[in-house]
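Please examine the structure shown below. The report that follows describes selected residues and their surroundings.

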Amino acid sequence: MATETLGEGLPERQAVHWRPLVDERRLRHKATLWTATTTAHVVPFVAAGAALVAVQPLAAPVSLVALAHAWVIPELYAHRGAVVVRPKAPRAGAEAERVSVGLLGDLIGHEARALHARTGLVLERGALGAWLVGPAGALLVRPGGRRVYCWCVRVNDPDLPSGDRIAHLVLALRTDERGFATVANLAFSGALWRIRRRLPKSVRPALDAGAQAARALDRRATA
């Protein structure tokens, strides 16, 4: 239980001591809640659109508006999730950014360095799935590669170069993966395809690599 292990792992967990420590069961529970919430928003609009056409075919334009709302709501949720890893303008000077990326490269492997150079995200495999870490957030691709959790998390000093901020988050993740997921704020949980289409094209290869790594984790777990 979370209260039994608050003295271990990330010290930041003390600031959110009321949150249960994230584990497999709680991740599945979060996914169920997100699906239920999205369904509760979408189904009434779909039902209303269908009912309007059934009662009065001339109301088709209004029905289309209702169906548009049913489509837009999940897209807005996915947009909120994608924002956590969207590239942002550097907050430090060019030289500081260059040095920070070099130091980050010493922390991660060759594969992760190459992916970061292309997409700005670092791939880190964990017990909960494949993580894609950016300067202000992380995506967790669950084993099997079908579902993504989008976490908003920040370093205490937001003016650090992006490489330093990613390095801080990667080290935190390696130190206490479950604590990292507990401290971070969940912005979205849903299908990988829905998040992928909301990401810039330059970032999508990172999500594809995360999905591939997550599928490999799933095969390893079931072998």
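The model discussed here is predicted. Y77 has a relative accessibility of 19%, so Y77 also counts as buried under the cut-off of 20%.

The structure holds 5 aromatic pairs. One of them joins W34 and Y77 in an edge-to-face arrangement, with 5.6 Å from centre to centre and 85° between the planes. This pair links distant parts of the chain, for W34 belongs to helix α1 and Y77 to helix α2 (residues 60-82), 43 residues apart.

Another edge-to-face pair is formed by W131 and F180. This pair likewise links distant parts of the chain: W131 lies in strand β2 (residues 130-133) and F180 in helix α6 (residues 177-183), 49 residues apart. Both W131 and F180 are buried. The two pairs are set out in the table.

| Pair | Centre to centre | Angle between planes |
|---|---|---|
| W34 and Y77 | 5.6 Å | 85° |
| W131 and F180 | 5.3 Å | 85° |

Ring pairs also connect W131 and F180 with Y149 and W151, and these residues form a cluster. A ring takes part in another kind of arrangement at W71: the charged end of R194 sits over the ring of W71, 5.9 Å from the centre of that ring.

Leaving aside neighbours within four places in sequence, K30 is in contact with V22, Y149, W151 and L186. K30 is found in helix α1, which covers residues 24-55. K30 has a relative accessibility of 28% and therefore counts as partly exposed, because that class lies between the limits of 20% and 50%. K30 and S189 are 159 residues apart along the chain, yet their C-alpha atoms are separated by 7.6 Å.

When residues up to four places away in sequence are not counted, R142 touches E24, L27, L128, R147, Y149 and A214. R142 lies in the loop between β3 (137-141) and β4 (147-152).

Terms used
Residues numbered from 1 in each chain as written. Predicted model: local features only at pLDDT ≥ 70, side-chain atom pairs only at ≥ 80, totals over all residues. Heavy atoms only, no water. Helix = DSSP H or I, 4+ residues; strand = E, 2+ residues; numbered from the N terminus. Buried < 20%, exposed > 50% of the residue type's maximum accessible area, 1.4 Å probe, protein only. Contact = heavy atoms within 4.5 Å. Phe/Tyr/Trp six-rings, centres within 6.5 Å; stacked < 30°, edge-to-face > 60°. Lys NZ or Arg CZ within 6 Å of the ring centre and 35° of its normal.
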